[in-house]
Amino acid sequence: QMQLVESGGGLVQAGGSLRLSCLATGRAINYFNMGWFRQAPGKERDLVALIRYIDASTYYGDIVQGRFTISRDNAKNTVDLQMSNLEPEDTAVYLCAAGEQFSTKAEHYRYWGQGIQVTVSS
């Protein structure tokens, strides 16, 4: 079993930055594709960013528009999401996920964190 714990969320003004971190325990992330998703109240879970285990290549959801950067540190068993130029529309619970399949679909990810709130004020 793998446990994922997110940290780094909070309240930030529009135009500001936040860095989220996801720490995995129980299993090494070396052979897992990792992702960040987000979910706002009453809305579907949206893809934010993915990072492939085999070559650390990345994929970003349309909502990111070049403002976010995902990275991984296998030695520390962590995956980070650097978010810049945040907008009120980015307000959501951000969730870390791990899966064997490199997929844009949330249902393909086996392990999930509890999520962390990010609130962007205007």
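This is a predicted model: local features need pLDDT of at least 70, side-chain atom pairs count only at pLDDT 80 or more; totals for chains, interfaces and linings use all residues.
N33 touches I51, R52, Y53, R72, A97, A98, G99, E100, Q101, F102 and Y109, leaving out residues up to four places away in sequence. N33 belongs to strand β4, which covers residues 33–39.

**Surroundings of N33**
- N33 counts as buried because its relative accessibility is 2%, and the limit for buried is under 20%.
- The side chain of N33 reaches the backbone nitrogen of Y53 at 3.0 Å.
- A polar atom of the N33 side chain also lies 3.0 Å from the backbone oxygen of E100.
- Y53 and E100 are both among the residues that N33 touches.
- S71 stands 38 residues from N33 along the chain, and the C-alpha atoms of the two are separated by 11 Å.

**The largest nonpolar core**
- This core has 30 residues, of which L4, M34, W36, L81, M83 and Y94 touch the most other members.
- Two or more residues of this core come from each of β3 (18–25), β4, β5 (45–51), β7 (68–73), β8 (78–83), β9 (92–99) and β11 (116–121).
- Strand β4, the place of N33, is therefore one of the elements that give two or more residues to this core.

**Contacts of L81**
- Apart from neighbours within four places in sequence, L81 is in contact with L18, R19, L20, W36, V48, A49, F68, T69, I70 and Y94.
- Among these partners of L81 are W36 and Y94, which are also listed with L81 as touching the most other members of the largest core.

**A second core**
- A separate core of 6 residues includes F37, L47, L50 and A106.

Terms used. Residues are numbered from 1 along each chain as its sequence is written. Side-chain values use heavy atoms; hydrogens and water are left out. Helices (H or I, at least four residues) and strands (E, at least two) are DSSP runs, numbered from the N terminus. Buried means under 20% relative accessible area, exposed over 50%, partly exposed in between (1.4 Å probe, protein chains only). Contact means heavy atoms within 4.5 Å. A polar contact is a pair of N or O atoms within 3.5 Å; within protein, one must be able to donate a hydrogen and the other to accept it, and residues adjacent in sequence count only if both atoms are side-chain atoms. A nonpolar core is a set of buried Ala, Val, Leu, Ile, Met, Phe, Trp, Tyr and Cys residues joined through side-chain atoms within 4.5 Å.
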